[in-house]
Amino acid sequence: LNDPYYLTLRQGVENFLKPHQIAVKRIFSDDINIFQSLNDVSGIICLGKFSTEYIHKLKSACKNIILLDMDLKSPCSEVCIVLDFDNAVKQVIEYFHLLGHSKIGFLGGIEHDDDHQKYLDTRRTSFEKYCQQYNMDYQNYIIEDKFTSESGYNMMSEMILSNNLPDAIFAASDPIAIGALRALHDHNIRVPEDISIVGFDNIESTNFTSPPLTTIYAPAYEMGELGAQLLYYSQLKNDSLNPMRIQLPCYLIERESCLKK
């Protein structure tokens, strides 16, 4: 409810289903008697991270399942719709490289599935891969916590207090980047004159930060809408969903939080 990324995913799903007169039953992970609530549904759209065992339990309640933002990789056993995080991060590192930055920091978030197992974020692994490819100095500038503005503020403050700042920061979400911007401002570090920063998601408020935030556009709304469309049309045809992995592209939106070194 408090994460703008997942809220946008939900809006994409629900805004497609409502005009098609499809009733939506919202079920959250801490609800009581979840599987009893699924007895009368004709399809399930899952938002977030789930263990393989939990997905099997959901399948026993309803065979038509679509996973949003949960990458099953290959072989893909269900329908999953994901974002191309790898290419998105490549765009960020190439952009920093073109600006002449050579010391790059990463402020990431940690997600867990229903078994409390850490979910490996492709943005972190891709960040390391492309930093190595472009000979960036990055090893001492990686911090991960939560996908929140408060966490972004705390992670950025920790990096500032270490007295060893990079040239640029890549934040794995816009809320993290917004918190980081506030921490930099509170410590009288200028953006972009002293340090550049790029976020991820392109939530509406990034147009109104100071300075306006350069970020990666992540088509979360379109992902939710596409998931709802696939489920809806499969029901119209009375077809079962065939396993597939759909990957949507992301792209860089350049605003004013980065500067050539």
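1. In helix 6, Ser149, Gly152, Tyr153, Met155, Met156, Ser157 and Ile160 meet Pro175, Ile176, Ile178, Gly179, Ala180, Arg182, Ala183, Leu184 and Asp186 of helix 7, contact meaning heavy atoms within 4.5 Å. These residues divide into ten nonpolar, four polar and two charged (Ala, Val, Leu, Ile, Met, Phe, Trp, Tyr, Cys and Pro count as nonpolar, Asp, Glu, Lys and Arg as charged, the others, Gly among them, as polar).

2. The model is predicted: local features need pLDDT of at least 70 and side-chain atom pairs pLDDT 80 or more, while totals for chains, interfaces and linings use all residues. Numbering runs from 1 along each chain as its sequence is written, and side-chain values use heavy atoms, without hydrogens and water.

3. The axes of helix 6 (residues 149-161) and helix 7 (residues 174-186) come within 6 Å and cross at roughly 45°. The two helices are therefore oblique to each other (angles under 35 degrees count as roughly parallel, over 145 as roughly antiparallel, 65 to 115 as roughly perpendicular and the rest as oblique).

4. For helix 1 (residues 4-17) and helix 8 (residues 220-236), the axes come within 7 Å and cross at roughly 35°. By class, their contact has eleven nonpolar, six polar and one charged residues.

5. The disulfide count is zero (a disulfide is a pair of cysteine sulfur atoms within 2.5 Å). The sulfur of Cys46 lies 9.4 Å from its closest cysteine sulfur, in Cys62, too far for a bond. For Cys131 the closest cysteine sulfur is in Cys258, at 14 Å, also too far.

Methods. Axes fitted to C-alpha atoms, helices over the stretch in contact; angles between N-to-C directions. Helix = DSSP H or I, 4+ residues; strand = E, 2+ residues; numbered from the N terminus.
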